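Load the model and keep the selection panel open. We will go from the whole chain down to one residue.

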Amino acid sequence: MSVLLAGVAAYTVLFTLLVSTAEHLSRPAALAGALAAHRILPAPAAFAAVAIVGEAVLAGAGIVALLRPGGGDLLVGVLAGSAALLALYAGYGLLVRSTGRAGPCGCSRVELPMTGWVVARAAVLAGLALIALSLSGSIVAPNRADAALAVVLLASATFTALLWHLPAAMYDPATAPAGRPATGRSIGTTEKGLPG
């Protein structure tokens with residue numbers, strides 16, 4: 001059971017970092033713009049660049065650690081770094097929400113506001129990184145083709161997709177609180193937001 005849990009946790013974190021890196025690289029100004037809109041960090045563009053590079057390095061190093069024999073120490077470092085980065089994301093999201101500042105989350109190409117679901121996703125991913133870190137000796141390497149690896153990869157891909165789309169799936173612009181940006185109209189409403 002620990003092999004399944006460790007593998008799914010580790011691969012979900014790594015897959016999510018890969019998806020996040022790809023999303024940020026496809027629209028590089030989105031994260032910097034979101035950080036600027038929050039008016040919390042002094043140099044939003046620099047922080048955005050560090051975050052994107054950090055995600056890319058962690059994802060790449062995690063893949064190398066899994067593919068390379070004896071990459072256990074590197075994997076431990078990647079999982080610890082991922083847990084720290086994702087916990088920082090969750091903490092930053094909580095700070096933005098607690099100060100009442102509006103603005104997009106900047107986490108993908110889709111412009112979504114910083115909601116509790118964005119914070120929850122980061123917290124869940126940080127928790128998964130900690131679980132994988134604590135069970136790092138049980139993580140199945142991708143160079144071992146068997147049924148256990150297939151289950152781990154399918155489950156991880158599923159959890160990654162669910163967690164990645166969770167904030168967008170749970171956001172309804174029609175019910176956005178006042179002061180929070182609505183990123184579009186919901187289906188069946190007019191320009192003024194009235195049913196129509």
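What percentage of the 196 residues of the protein chain count as buried? The figure is 39%. Keep in mind that this is a predicted model.

**Whole chain.** Colour by secondary structure. The protein chain shows six helices and zero strands. Read from the N terminus, the order is α-α-α-α-α-α. Now turn to contacts with a sequence separation of 6 or more: 73% of them come from residues 24 or more positions apart.

**A helix pair.** Select residues 72–98, helix H4, and residues 116–134, helix H5. Their axes come within 8 Å and cross at roughly 160°. Angles over 145 degrees count as roughly antiparallel, so H4 and H5 are roughly antiparallel to each other. The crossing of H4 past H5 is left-handed.

**Their interface.** Show side chains. On the H4 side, pick out residues including Val76, Leu79, Ala83, Leu86, Tyr89 and Arg97. On the H5 side, the contacting residues include Gly116, Val119, Leu125, Ala129 and Leu133. By class, the H4 contact with H5 comprises 18 nonpolar, three polar and one charged residues.

**One residue.** Zoom to serine 82, in helix H4. Is serine 82 buried or exposed? Its relative accessible area is 0%. Buried means under 20%, so serine 82 is buried. Next, display its contacts beyond four places in sequence: Val13, Leu17, Leu58 and Ala129. Ala129 is also one of the H5 residues that meet H4.

Definitions and conventions:
Residues are numbered from 1 along each chain as its sequence is written. This is a predicted model: local features need pLDDT of at least 70, side-chain atom pairs count only at pLDDT 80 or more; totals for chains, interfaces and linings use all residues. Side-chain values use heavy atoms; hydrogens and water are left out. Axes are lines fitted to C-alpha atoms, for helices over the stretch in contact, and angles run from 0 to 180 degrees between N-to-C directions. Helices (H or I, at least four residues) and strands (E, at least two) are DSSP runs, numbered from the N terminus. Angles under 35 degrees count as roughly parallel, over 145 as roughly antiparallel, 65 to 115 as roughly perpendicular and the rest as oblique. A crossing is left-handed if the near helix is turned anticlockwise from the far one by less than a right angle, and right-handed if clockwise. Contact means heavy atoms within 4.5 Å. Ala, Val, Leu, Ile, Met, Phe, Trp, Tyr, Cys and Pro count as nonpolar, Asp, Glu, Lys and Arg as charged, and the others, Gly among them, as polar. Buried means under 20% relative accessible area, exposed over 50%, partly exposed in between (1.4 Å probe, protein chains only).
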